[in-house]
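Biologist: I have not looked at this one before. Can you walk me through it?

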Amino acid sequence: MDWLVQWWDGVELWVVQLPVAVQFPVVMIVVLPLCLGVARLIDRVADWGANNPASVGSPEPEPEPEPESEKVAA
């Protein structure tokens, strides 16, 4: 795991030494797709968990809404 930490330190040092005008596009090209991928993964896992019948006990049907009584204007 030490090699990963050293690699990350090297990448971080390289990015910090770049001019700001170059840092922004480099970070956006790498970070934006990475964040999008993680968000999609979380969304799919949440959808799977919400739709998985094994994760829910015995589903109870939702009660039907009662019709509203007509209001009389005074």
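Modeller: We can go through the fold, the surface and the aromatic rings in turn. Keep in mind that this is a predicted model.

Biologist: Fine. How many helices and strands are there in the protein?

Modeller: The secondary structure comes to 2 helices and 0 strands.

Biologist: What about helix α2, how does its span agree with its residues?

Modeller: Helix α2 covers residues 20–51, which is 32 residues.

Biologist: Where is the kink in α2 centred?

Modeller: The kink is centred on M28 and comes to about 30°.

Biologist: Changing topic: what share of the residues counts as buried?

Modeller: Of the 74 residues, 4% count as buried. The protein exposes about 7,400 Å², and carbon and sulfur atoms supply 67% of that area.

Biologist: Which residues form the nonpolar patch on the surface?

Modeller: The patch is made of F24, V27, M28, I29, V30, V31 and L32, with about 650 Å² of accessible area together.

Biologist: Take L32, is that residue buried or exposed?

Modeller: L32 lies in helix α2. Its relative accessible area is 55%, and exposed means over 50%, so L32 counts as exposed.

Biologist: Last one: how many aromatic pairs are there?

Modeller: The count comes to 1 aromatic pair. W7 and W8 form a tilted pair, 6.1 Å centre to centre with 50° between the planes.

Conventions. Residues numbered from 1 in each chain as written. Predicted model: local features only at pLDDT ≥ 70, side-chain atom pairs only at ≥ 80, totals over all residues. Heavy atoms only, no water. Helix = DSSP H or I, 4+ residues; strand = E, 2+ residues; numbered from the N terminus. Expected span 1.5 Å × (residues − 1). Bend = angle between axes of the 7 residues up to and from the residue. Buried < 20%, exposed > 50% of the residue type's maximum accessible area, 1.4 Å probe, protein only. Areas by Shrake-Rupley, 256 points an atom, 1.4 Å probe, with all protein chains shown as cover. Patch = residues over 30% accessible without salt bridge, like charges linked within 9 Å, V, L, I, M, F, W, Y side chains within 5 Å. Salt bridge = Lys/Arg side-chain N within 4 Å of Asp/Glu carboxyl O. Phe/Tyr/Trp six-rings, centres within 6.5 Å; stacked < 30°, edge-to-face > 60°.
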